[in-house]
Amino acid sequence: MSEFIVHTIPGSPFARAVLATLEEKGAPYRVSPVAPGTFRSPEHLARHPFGRVPVLEHDGFTIYETQAILRYLDRVLPAPALTPADPRAAARMDQAMNVNDWYLFQGVASVIAFQRVVGPRIMGLTPDEAAIEAAMPKAHMVVEELARLLGDKPCFTGDGLSLADLMLAPQIDFLALTPEWSDLGAPHPNLVAWHARMEARPSMKATTWDRVTEMAKAA
């Protein structure tokens, strides 16, 4: 099996979704680190014209955008399947993945997790408490909807793991590192239990920020 190359900065929850998917598939891969401050470099812009991560390379093929990457991996590595065969379950998967991009990340994790985790760890920034407070109403709404979509199922599309779980888990994990998570998660024990199950998976343990940092250093 040919190797997959994931261009990313350690700590990216979107890249973690890609890496965890590769782990679930048992596929060989390596991390090609993108240094902070080089996202707009000519070298990286040649891979991703919008200057973001992750980017996947495979057998001379390059693709960006996490959802596109995950679906590509599920097509070229069909076992185990991470897209439900049932059309309605697959539609719920797609819906949850879009909730991740447009509502959980945008204006929630991009604010709270950045202010509490990313900014202090990478840039030495002091959290902006006003920005965090302003993001909390949307955070409550998004977490409530995710808990509703999950319901009493083990995974977001039913009994089996899907791309939606692998995409949502890294974002929720970032929020779980913040003091706000106790307030956000407390009303939704089903979502808290799902997060615990996801974090216990070998694929998630293998792709923590520290583990990806080690991979990047070894590249």
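Colleague: Hi! Where does Glu65 lie?

Modeller: Glu65 lies in the loop between E4 and H3. Bear in mind that this is a predicted model.

Colleague: What is the phi of Glu65 like?

Modeller: Phi is positive there, about 85°, although Glu65 is not a glycine.

Colleague: And how exposed is Glu65?

Modeller: Glu65 is partly exposed, because its relative accessible area is 44% and the exposed class begins over 50%.

Colleague: What about Asp59, where is that and what is its phi?

Modeller: Asp59 is in the loop between E3 and E4. Its phi is near 50°, a positive value in a residue other than glycine.

Colleague: Is Asp59 buried or exposed?

Modeller: Asp59 counts as exposed, with 60% relative accessibility.

Colleague: Let's switch to prolines. Which kind of peptide bond runs from Val53 to Pro54, cis or trans?

Modeller: That bond is cis, with omega near 5°. Pro54 sits in the loop between H2 and E3. The bond from Ala79 to Pro80 is cis as well, with omega near -10°, and Pro80 is in the loop between helix H3 (66–76) and H4.

Colleague: And Pro120, where is that found?

Modeller: Pro120 belongs to helix H5, which covers residues 112–123. At 28% relative accessibility, Pro120 counts as partly exposed.

Colleague: Which residues is Pro120 in contact with, leaving aside its neighbours within four places in sequence?

Modeller: Those are Phe114, Gln115, Leu125 and Pro127.

Colleague: How far is the C-alpha atom of Pro120 from that of Trp209?

Modeller: They are separated by 14 Å, and the two residues are 89 residues apart along the chain.

Colleague: What sits over the ring of Trp209?

Modeller: The charged end of Arg121 does, 3.9 Å from the centre of the ring.

Colleague: Now rings with rings. How many aromatic pairs does the structure hold?

Modeller: Five. One of them is Phe14 with Phe105, an edge-to-face pair with 5.0 Å centre to centre and 80° between the planes.

Colleague: Which parts does that pair tie together?

Modeller: Phe14 lies in helix H1 (residues 13–25) and Phe105 in helix H4 (residues 87–109), so the pair ties together parts that are 91 residues apart in sequence. Both Phe14 and Phe105 are buried.

Colleague: How do Phe50 and Tyr64 pair up?

Modeller: They are edge-to-face too, at 6.1 Å centre to centre and 70° between the planes. Phe50 is in the loop between helix H2 (42–47) and strand E3 (55–58), while Tyr64 is in strand E4 (residues 61–64), so this pair links parts 14 residues apart in sequence.

Colleague: How exposed are those two?

Modeller: Phe50 is exposed, at a relative accessible area of 55%. Tyr64 is partly exposed, at 27%.

Colleague: Back to H4. Where is its kink centred?

Modeller: On Asn100, and the kink is about 40°. Asn100 is also among the buried residues of H4, a list that includes Ala89, Met93, Asp101, Leu104 and Phe105.

Colleague: What covers those buried residues?

Modeller: The cover includes H1, H3, H5, helix H6 (129–150) and helix H7 (163–176).

Colleague: Last one: which residue caps the N-terminal end of H4?

Modeller: Asp86 does, with a side-chain oxygen 3.1 Å from the backbone nitrogen of Arg88.

Note on methods: Residues are numbered from 1 along each chain as its sequence is written. Side-chain values use heavy atoms; hydrogens and water are left out. Helices (H or I, at least four residues) and strands (E, at least two) are DSSP runs, numbered from the N terminus. Buried means under 20% relative accessible area, exposed over 50%, partly exposed in between (1.4 Å probe, protein chains only). Contact means heavy atoms within 4.5 Å. Rings of Phe, Tyr and Trp (its six-membered ring) pair if their centres lie within 6.5 Å; planes under 30 degrees apart count as stacked, over 60 as edge-to-face and the rest as tilted. A charge sits over a ring if NZ of Lys or CZ of Arg is within 6 Å of the ring centre and within 35 degrees of the ring normal. The bend at a residue is the angle between axes fitted to the seven residues ending there and the seven starting there. A polar contact is a pair of N or O atoms within 3.5 Å; within protein, one must be able to donate a hydrogen and the other to accept it, and residues adjacent in sequence count only if both atoms are side-chain atoms.
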